[in-house]
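Student: Before we look at any particular residue, could you show me how such features are meant to be read?

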Amino acid sequence: MYDEDDLAAIRDAREEWEAETLDPVLDAYGERKDRFATVSNQTVDRLYTPEDVADLDYESDLGFPGEEPFTRGVYPTMYRGRTWTMRQFAGFGTATETNERFHYLIEEGQTGLSTAFDMPSLMGLDSDDPMSDGEVGREGVAVDTLRDMEILFEGIDLSEVSTSFTINPSAPVIYAMYVALADQRGVPREELRGTLQNDMLKEFIAQKEWVVPPEPSLSVVTDVIEYAVAETPKISPVSISGYHIREAGSTAVQELAFTLADGFAYVEDCLDRGLDVDEFAPQLSFFFNSHNAIFEEIAKFRAGRRVYARLMDEWYGAEADASKQMKFHTQTAGQSLTAQQPLTNIVRVTVQALAGVLGGTQSLHTNSFDEALALPGEDAVRVALRTQQILAEESGTADIVDPMGGSFAIEAMTDEAEAETMAYLEEIREMGDGSMRDGVLAGIENGYFHREIQDAAYEYQERVDAGEEVVVGVNQYTIEEDTSVDILQVDEEVQERQRQRLADVKTDRDDDAVAAALDAVRGAIETDENVMPAIVDAVKAYATMGEIMGVFEDHYGAYQETLGLA
C-alpha cells in the first residue's frame with residue numbers, strides 16, 4: 001500500500017522523532033513499566049506506523065465490507081442497516097420462572113432470546129435422576145420433556161423470535177423439542193430462527209460436558225447439521241465455540257485457532273457424509289469471547305474472518321460468499337468478572353462489548369455485574385442490556401462500518417493474529433495427517449489442547465499473582481468495606497416442583513408409544529441413520545431427556561477422559 005520512497009521517508013522521520021522528541025522524555029520520566037502487553041501476553045509496541053503494515057495489500061487483505069476476505073465485516077452496511085442482535089443469556093428454576101424472565105427481557109428491548117440450561121439438562125439427565133439432586137434449576141432452566149418447552153415459550157411467537165440454545169451433549173433433544181413445539185403450534189419449520197450450540201469438540205477440549213465418546217459425538221453433530229439443512233434452514237445447527245476455550249484460560253490466538261480447527265473438523269465430517277459445502281456451510285456460526293485487551297480482541301475477530309474465508313475456499317472449495325463468511329456471536333468475558341467491588345464489572349463489560357462491536361459481531365451478550373456471585377438479578381440484567389443499547393444508540397459506534405480498519409496498530413495486530421493462528425492450524429492438521437478432523441480428535445485424545453490451554457492459564461495467573469497483570473479491586477485498588485450486592489436466590493422448592501411436573505407427564509403419557517419411540521432411536525443409531533427424525537418423534541411422545549440420552553449411552557458407552565494416559 002505504500003511506496004518504498006514514502007516508507008524510507010517515514011523511517012527517517014521516525015528516527016528523528018525518537019532522537020529529538022521521544023528520548024529526552026524517556027530519559028526524564030521513563031514509562032509506567034518496562035514491557036506493555038495484552039491480556040494474552042502479546043507485546044504491544046509504543047507506536048505503529050506504515051512500516052508495520054508495509055506488506056499489506058488492500059484488496060486481498062482488507063477489501064470492502066461484505067466482500068472477500070470479509071476482514072472489514074460480513075455485510076456491506078453492517079450496523080448502519082440494523083444493529084447486532086442483543087441476546088442476553090437467561091434461564092433459572094423451572095420453565096415457568098424462565099418464561100417470565102424471557103418476557104421481561106423482551107419488554108426491556110432485547111431482540112433475541114438465549115437459553116441457559118441447568119446442569120442435569122446439559123448432561124442429559126432427568127430432574128428425578130439421583131445425580132441431579134441439588135442441581136435442578138440452579139444454574140439454568142430445567143427441561144425434561146416437551147411439556148417444559150411448551151411452558152418455556154408460552155406467549156412467545158416462534159415465527160417472530162430468534163432463539164439460542166446453549167447446550168451440547170443433549171442439544172439434539174432440545175432441538176427436537178423446539179421443532180416439535182413448532183409443529184404443535186402450526187409454525188412452519190422453515191420459519192424457525194435461532195442457534196443451537198451443539199459444539200461437542202470444544203466440550204472435550206475445554207468445557208467438559210459430555211455423554212458419549214468424541215467420534216460418535218461428532219457423528220451426532222453432523223446428523224443435526226444434515227437435518228437442519230433440510231428442515232430448518234434459518235437455524236444454525238452448530239455454534240462453533242471459542243468462548244469456553246478462552247474461559248478455560250487460553251490466549252486470544254489459541255481461542256481463535258482451536259475454534260477454527262473445530263469448525264473445519266465439522267466441515268470435513270459433513271463432506272465425508274456427502275453434503276455439499278455450499279449447502280451446509282452458510283448455516284454454520286461461531287461464538288467468541290471478548291476480553292479486556294480491546295485492540296487484541298478487535299484484531300482477533302478481523303483475523304478470524306480473513307482466515308476462515310481463505311481456507312473455506314482453498315481447503316474445501318466453497319464458492320458461495322455465505323459459505324465463507326464467519327458470522328459470530330460474542331459474549332463478554334465471564335472469567336474477568338470479580339466478586340470484589342462487583343459494580344466495577346459494568347466498566348469491564350462495556351469495554352469488552354465495545355471490542356465485540358468494533359470487531360464486527362453479529363450478536364452480543366453482555367454479562368451482568370453480579371455474575372461472579374450468582375445468577376444475574378433483574379436490575380443487573382437491565383444494566384447489562386442497557387450497556388448494549390447505549391453503545392448502539394448513543395455512542396456512534398454503530399454508525400461507521402469497520403471504523404478501526406486502516407489503523408496501523410490494528411492492521412499489524414490482525415496480521416500477527418492471522419500468522420499465529422495459521423501456525424496452530426497447520427500443526428493440528430499435521431497431527432491428523434492432512435485431516436483437520438482427525439487432527440482435532442487426536443489432539444483431544446493425546447491432551448494437546450489441554451496442555452496448551454493449561455500452560456497459558458498458568459502463565460496468566462503467575463502474572464496476576466506477581467502484580468504484572470492488574471486486576472482492579474483484586475490485586476490493586478482494593479478496599480476493606482463491604483461491596484456486596486443483592487443476588488438472585490433460586491427457590492429451594494424448585495427441584496420438587498420440577499420433579500412433580502415430570503412425574504405428572506410420565507403418568508399422563510402413553511408408555512407404549514414412548515417405548516416404541518425409544519426403540520426407533522435405538523434402531524437409527526444401530527443402522528447409522530440420521531437420528532434426528534427418531535428423536536423428534538420421541539419427544540412428541542413425551543419421552544424424557546434422560547431416556548433419550550440413555551439410549552446413546554447404552555449403545556456407545558460413557559466417555560472417560562484419559563488425556564493421552566491410556
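Tutor: Let us begin with burial: a residue is called buried under 20% relative accessible area, exposed over 50%, and partly exposed in between, with a 1.4 Å probe and protein chains only. This is a predicted model, in which local features need pLDDT of at least 70 and side-chain atom pairs count only at pLDDT 80 or more, while totals for chains, interfaces and linings use all residues. Residues are numbered from 1 along each chain as its sequence is written, and side-chain values use heavy atoms, with hydrogens and water left out.

Student: By that definition, is T85 buried or exposed?

Tutor: T85 has a relative accessible area of 12% and is therefore buried. T85 sits in strand β1, residues 85-90, where helices (H or I, at least four residues) and strands (E, at least two) are DSSP runs numbered from the N terminus.

Student: Which residues does T85 touch, leaving aside those up to four places away in sequence?

Tutor: Contact means heavy atoms within 4.5 Å. On that basis T85 touches T111, G112, Q362, S363, L364 and Q388.

Student: What does M545 touch, with the sequence neighbours up to four places away again set aside?

Tutor: M545, which lies in helix α22 (residues 545-556), touches S121, G124, L125, D126, V143, D144, S170, V173 and I174. The C-alpha atoms of M545 and D126 are separated by 6.0 Å, although the two residues are 419 residues apart along the chain. M545 has a relative accessible area of 0%, so it counts as buried.

Student: Which residues of helix α21 are buried?

Tutor: An α-helix has 3.6 residues a turn, so residues three or four places apart point the same way. In α21 (residues 532-540) the buried residues are M532, A534, I535, V536, A538 and V539, and their cover includes α5, α6, α8, α20 and α22.

Student: How should I read the backbone angles?

Tutor: Most residues other than glycine have a negative phi, and most peptide bonds are trans. Here, D402 has a positive phi of about 45° although it is not a glycine, and D433 likewise has a positive phi, of about 55°. D402 belongs to the loop between α15 and α16, whereas D433 is in the loop between α16 and α17. D402 is buried because its relative accessible area is 8%, while D433 counts as exposed because its relative accessibility is 76%.

Student: Where is there a cis peptide bond?

Tutor: The peptide bond from E68 to P69 is cis, with omega near 5°, and P69 lies in the loop between α2 and β1.
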